[in-house]
Amino acid sequence: MHSIIDYLTQIEGYLGGSQWFPVILIGTGLFFTIYLKFPQFRFFKHALKVVAGKYDKPGEKGDASHFQALTTALSGTVGTGNIAGVALAIYLGGPAALFWMLVTAFLGMTTKFVEVTLSHKYRETDEKGFISGGPMYYMKNKLNMKWLAGFFAAMTIFSSFGTGSLPQINSITNSLFSTFGFNKMLVGGILTILLAFVILGGIKRIAKVTEKLVPTMAIIYFIGALSVIFYNYENIIPSFISIFTNVFSGTAAVGGFLGAGFSYALTKGVNRGLFSNEAGQGSAPIAHAAARTEEPVSEGMVAILEPFIDTIVICTITGLVILSSGVWTEKLPNHFQSTDMTIMADQYDDTNEEDRTKLFQYLGHQSELPVFSGDLIVEKGVIQNKLSIINARSVAENVLVYTTEDQLFSGNVSIENGKSLFENEVYFKGNSLVHSAPLTAEAFTRSLLGDWGRWIVSIGLLLFAFSTAIAWAYYGGRSVTFLFGAKGVLPYRIIYCVGFFIASFADTTLIWTISGITIVLMALPNLAGILMLHKDMKSTLNTYWDKFKKEHPEEA
């Protein structure tokens, strides 16, 4: 298992973890922002009026209203990326990672405007009378590149698991387990049944659920987050300063270590930003294609609002909660996950400058340090060997070893290359940095809410992540329809629900790694496609706006 995880981590590092992918993603957004004369500014007010239904016309073709299309797409983007993803980005890249998430969102407003417009323009109707759209349709119908369309559809199906199903339920069950001790498999089983009920009803049932669920969950989370930020009001300005002052250096104290540098801040910020708002990934256009309108650009206008709501508003609030509370640099009691933990052969002190430098280089894959192989001697939970355990990129403290029955362990534990060979028999607990949803949950307790703050995160994560799983089931189903016809949708939905259940008790780090790979494999063909259609996009926009100015001269 360790070799598979290492192999996948290497692939994710080469794709989403490399610097060339953020350059392509940000570069595409920057190109269209300049080429289309900053549509995120020019049309923001117009987008609000469109989504409110001011320009709706009766009898237009589609399966959902503008608002339903927006909430369905938002339900796909407002998920674990807003709670767990922001925490992971800050944990890996420091406060500067949040800056790059915001840059990705600002430029992503234009990218999403373009991809939604083109996907809506070249949509089709399937054999059952439902609208089918998405990047694969402009690739097939306009670019005449069926092979690229097929590849994108296949990657969307894989990404529906890597982005929509697996990490969502995994974050839910981990949060509920760490906060309330709820059994992961039981929670997974209940939510799988609810998921099946919703997605088997198709886009109309999905739209009805998301138009109520998305606003409710956003309001609950927003109120809870503001209570934390204002409780720690003295840290608000220092938090903003930390975001912008370390943008290019990337240096920040993380559990006694220096931060991972500019490269980590950039790549993790951009990658988590894309995971959060999905601008450029090509997923949201599948939902927007179902909107009832004959004007593709008007639906593109609606899509401008998504990265703004998802990342610029919600992710910024989450980031300020984590930074202002200060928990991201604290070592907290937690249950160590095997993929976060490495048992070193030597002892290290993270208050010692020389040791911190060694560990920084080791964790940044710049140098090697010896890892432990052999037997750990444990007496009443206490490790007798003279060594250090690295967990979540920090030197773990007060480590105890437990049996799976939650009893202190005594005996020997075989270790190979820094990893336990008895994961199913013993586990490790202690104090270390934490990341993802548990970090955000801890941050929410640093307010007048106290431990009630965990309820906000757990409920918010439950609603956010569950709605994301619903939306991605639709995206995957439309991609199955493109490749195999409508007959393949039901088998796909069954497999989707099975994977959803299994991921409720699987390893977190592996799932996040898989999601990082599938995101990039969707985004690359979509970004290439919209760049090839840049003239088509500009012509379509100009035609729409000229027509609108004639029909509504008072608003142009």
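Leaving aside neighbours within four places in sequence, which residues is Tyr496 in contact with? In this predicted model, Tyr496 is in contact with Ser160, Phe161, Gly164, Ser165, Leu195, Ile199, Ala469, Trp472 and Ala473.

Let me place that residue in its setting. Tyr496 belongs to the largest nonpolar core, a set of 119 residues. Phe113, Leu195, Met301 and Tyr496 are the members with the most contacts inside that core. Helix α18, residues 452-484, supplies the largest share of the core, with 16 residues. A second core, separate and made of 17 residues, includes Ile389, Val401, Phe409 and Phe428.

I turn now to the surface. A nonpolar patch is formed there by Met185, Leu200, Leu490, Ile494, Val498, Ile502 and Phe505, and together these residues have about 650 Å² of accessible area. Helix α19, residues 489-502, gives the most to the patch, namely four residues. Ile502 lies in helix α19. This residue counts as partly exposed because its relative accessibility is 45%, between the limits of 20% and 50%.

Finally, I come to a sheet. Three strands form an open sheet in the order β4-β7-β8, and their pairing is antiparallel. The strands at the edges are β4 (341-343) and β8 (394-395); each has a single partner strand, so one side of each is left without a neighbour in the sheet. Between β4 and β7, residues 389-391, there are three bridges, and the two strands run antiparallel. Within this pairing, Ile343 has Ile389 of β7 as its bridge partner. Ile389 is also among the residues of the second core.

How values were computed. Residues are numbered from 1 along each chain as its sequence is written. This is a predicted model: local features need pLDDT of at least 70, side-chain atom pairs count only at pLDDT 80 or more; totals for chains, interfaces and linings use all residues. Side-chain values use heavy atoms; hydrogens and water are left out. Patches are made of residues with over 30% relative accessible area and no salt bridge: like charges are joined within 9 Å, nonpolar side chains (Val, Leu, Ile, Met, Phe, Trp, Tyr) within 5 Å. Accessible areas come from the Shrake-Rupley method with a 1.4 Å probe; for residues, only the protein chains shown count as cover. A salt bridge is a side-chain nitrogen of Lys or Arg within 4 Å of a carboxyl oxygen of Asp or Glu. Buried means under 20% relative accessible area, exposed over 50%, partly exposed in between (1.4 Å probe, protein chains only). Two strands pair if DSSP finds at least two bridges between them. A nonpolar core is a set of buried Ala, Val, Leu, Ile, Met, Phe, Trp, Tyr and Cys residues joined through side-chain atoms within 4.5 Å. Contact means heavy atoms within 4.5 Å.
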